[in-house]
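Please look through the structure below with its sequence alongside.

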Amino acid sequence: KIIKPMNEKPPIDQNTSSSTSPFCRLLKEKFSLINEHMDQWEENWLNWIIEDDIRSTIRTLMIESVNSIYLPFYKKYSVINFSKKKMAQYTRWSPTKIIQLLNR
């Protein structure tokens, strides 16, 4: 599942807590999907891809995707306090950490 950055930040309803607004719930969902994907990727990807040239191509394409798609998303939305208790958990896969994993 590909997660694309959101273009505009929807207004937060003043009647709800900022961390329970639809916008914040959407950010939690998007960051959770990234976390889930990267946790699985970290655990398994080197074992699944045995051919060096294929692994290298995938690594290059993923780094390009991280830089072009995830980095702008992360810079824009990781600074928004969309979770009162678990911000560090949601934002634990920074673009830098992902690229370090891919460069192993």
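Leaving aside its neighbours within four places in sequence, which residues is methionine 38 in contact with? In this predicted model, the contacts of methionine 38 beyond that range are Trp93, Ile98 and Leu101. Methionine 38 itself lies in helix H1, which spans residues 22-48. Its relative accessibility is 3%, and because buried means under 20%, methionine 38 counts as buried.

Helix H4 covers residues 95-102, and its buried residues are Pro95, Ile98, Ile99, Leu101 and Leu102. These residues lie on the same side of H4, because the arc they cover around the axis is only 155 degrees. An α-helix has 3.6 residues a turn, so residues three or four places apart point the same way. Thr96 and Gln100 are exposed, and they sit on the face of H4 turned away from its buried side. Ile98 and Leu101, both buried residues of H4, are also among the contacts of methionine 38.

Now the whole chain. The protein has four helices and zero strands, giving the pattern α-α-α-α along the sequence. Of its 104 residues, 38% are buried. Among contacts with a separation of 6 or more, 70% join residues 24 or more positions apart. The accessible surface comes to about 7000 Å², and carbon and sulfur atoms account for 53% of that area.

Terms used
Residues numbered from 1 in each chain as written. Predicted model: local features only at pLDDT ≥ 70, side-chain atom pairs only at ≥ 80, totals over all residues. Heavy atoms only, no water. Buried < 20%, exposed > 50% of the residue type's maximum accessible area, 1.4 Å probe, protein only. Helix = DSSP H or I, 4+ residues; strand = E, 2+ residues; numbered from the N terminus. Arc of directions from axis to C-beta. Contact = heavy atoms within 4.5 Å. Areas by Shrake-Rupley, 256 points an atom, 1.4 Å probe, with all protein chains shown as cover.
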